Amino acid sequence: DVPNGLAAISKVPAAGWGQIVAWMAYCEISVDQKPGTPGAKGELGWQGIPPGPSYNPADKESRTKKLKSELANGRLAMMAIIGMFF
């Protein structure tokens, strides 16, 4: 059984933490971060995904839809966390 709140952190297996760290490292090294590039400013693309078949920054309609979806999911997550506190 997984507990609520911060106690759940202790239940994540070491392999899970390894996956999190590996994804963070991938996001850091997969984008050109030379001075003057968007990566140098921290703009790594949509959720750290570089432009490619799954994300096309030129498609403004798709970008707007994904950003609105991300905003709605973030708000829902904030409400869920607040609910877990009580």
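**Secondary structure, burial and contacts in the predicted model**

G5 is found in the segment that precedes helix α1. The structure described here is a predicted model, and G5 is partly exposed in this model, with a relative accessibility of 39%. In sequence, G5 and M84 are separated by 79 residues. In space, however, the C-alpha atoms of G5 and M84 are 6.9 Å apart.

The protein as a whole contains 2 helices and 0 strands. Helix α1 covers residues 14–29, and helix α2 covers residues 60–85. Of the 86 residues of the protein, 9% count as buried. The accessible surface comes to about 7,100 Å², and carbon and sulfur atoms account for 66% of this surface. Contacts between residues at least 6 apart in sequence were also examined. Among these contacts, 13% join residues that are at least 24 apart.

Part of the surface is formed by a nonpolar patch of about 590 Å². The residues that make this patch are L6, I9, V12, W17, I20 and M24. One of them, I20, is located in helix α1. The relative accessibility of I20 is 40%. I20 is therefore classed as partly exposed, because this class lies between the limit of 20% for buried residues and the limit of 50% for exposed residues.

With a relative accessibility of 8%, G39 counts as buried. G39 and E28 are 11 residues apart in sequence, and the distance between their C-alpha atoms is 8.9 Å.

The residues considered individually can be summarised by class. G5, in the segment before α1, is partly exposed, and I20, in helix α1, is also partly exposed.

Terms used
Residues are numbered from 1 along each chain as its sequence is written. This is a predicted model: local features need pLDDT of at least 70, side-chain atom pairs count only at pLDDT 80 or more; totals for chains, interfaces and linings use all residues. Side-chain values use heavy atoms; hydrogens and water are left out. Patches are made of residues with over 30% relative accessible area and no salt bridge: like charges are joined within 9 Å, nonpolar side chains (Val, Leu, Ile, Met, Phe, Trp, Tyr) within 5 Å. Accessible areas come from the Shrake-Rupley method with a 1.4 Å probe; for residues, only the protein chains shown count as cover. A salt bridge is a side-chain nitrogen of Lys or Arg within 4 Å of a carboxyl oxygen of Asp or Glu. Helices (H or I, at least four residues) and strands (E, at least two) are DSSP runs, numbered from the N terminus. Buried means under 20% relative accessible area, exposed over 50%, partly exposed in between (1.4 Å probe, protein chains only). Contact means heavy atoms within 4.5 Å.
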